[in-house]
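Please look through the sequence and the 3D structure shown here before reading the briefing. The notes are written for a reader who is new to protein structure.

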Amino acid sequence: GTAAIGGNALARAYVQACEESVARHFPQDASRLKAGLKATTPAHSGNSEKSGEGENESPGVSASRALGIIHCMCHGSETLFAYRLGCVLRAADDFYPREPLAQTAHVANVAYNSLLLGELGVPDWDMFHTQGSHGAFHAAARAVSGGPVYVSDAPGCHEKEVLRSLVTRRGNVLRARTHGRPTADCVFADVQVHSNSSSPLPS
């Protein structure tokens, strides 16, 4: 952490500067996001024993404005423990819609990664396509993920029934109380190999 090229100290400074920049230049609706900030600050803020809006901020930066950022490629410990304002953490590598064998691996990976990430912030299980044979599978996974739900189909190519299954009649997305994660009996099992390991995801 004290190397001449920067090490952990440089990584922390970079992450915090990025969060502050997003807060200033991409402001969010503070009234709409205030509740979300208060719900996630105690879990992901490792720099303070207190919770509440405004903790661990730099002067002039409102924490309620900084939630418009998703931290991607964020699993390195030098950055993972440096987040102060942004609470959404990408739990996946990438979503590969054209690779059939990658679909179950994607959900298994994000579920296991959420064991750690869910204690630090809100795990983001990445976008998905509603069309195709795996659309409903991914929709069900996102429904119990406890994180954001968003799709990346080409415009006009969405599977409407899959989308309807994710929202209420008013168009609201119901969010699980906690993040999705494997049950205890699956933690040390390879759910992609053993057919008797189904990797249930309680939320």
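The briefing below starts with the chain as a whole and then goes through its parts by topic.

This is a predicted model, in which local features need pLDDT of at least 70 and side-chain atom pairs count only at pLDDT 80 or more, while totals for chains, interfaces and linings use all residues. Residues are numbered from 1 along each chain as its sequence is written, and side-chain values use heavy atoms, with hydrogens and water left out.

**The chain as a whole**

- The chain has six helices and three strands, where helices (H or I, at least four residues) and strands (E, at least two) are DSSP runs numbered from the N terminus.
- Read from the N terminus on, the elements follow the order α-α-β-α-β-α-β-α-α.
- Of the 203 residues of the chain, 39% count as buried; here buried means under 20% relative accessible area, exposed means over 50%, and partly exposed lies in between, with a 1.4 Å probe and protein chains only.

**The sheet**

- Three strands make up an open sheet in the order β1-β2-β3, and their pairing is parallel; two strands are said to pair if DSSP finds at least two bridges between them.
- At the edges of this sheet lie β1 (70-71) and β3 (122-124), each of which pairs on one side only.
- Strand β2 (residues 88-90) pairs with β3 in the parallel sense over three bridges, and within this pairing V88 stands opposite V122 in β3.

**Helix α1**

- Helix α1 (residues 7-25) has 19 residues and reaches 27 Å from its first C-alpha to its last, which is close to the 27 Å expected at 1.5 Å a residue; the expected span is 1.5 Å times one less than the number of residues.
- The buried residues in α1 are A11, V15, Q16, E19, E20, V22 and A23.
- Because these residues cover an arc of only 160° around the axis, they sit on the same side of α1; the arc is that of the directions from the helix axis to the C-beta atoms.
- As background, an α-helix has 3.6 residues a turn, so residues three or four places apart point the same way.
- On the face of α1 turned away from its buried side are the exposed residues Y14 and H25.

**Two loop residues with positive phi**

- M73 has a positive phi of about 50° although it is not a glycine, and its place is in the loop between β1 and α3 (77-80).
- Is M73 buried or exposed? M73 counts as exposed because its relative accessibility is 70%.
- D126 also has a positive phi, of about 80°, although it is not a glycine, and its place is in the loop between β3 and α5 (135-143).
- D126 is buried, with a relative accessible area of 2%.

**V162 in helix α6**

- V162 is found in helix α6 (residues 160-164), and because its relative accessibility is 11%, V162 counts as buried.
- V162 and H129 are 33 residues apart in sequence, and their C-alpha atoms are 9.8 Å apart in space.
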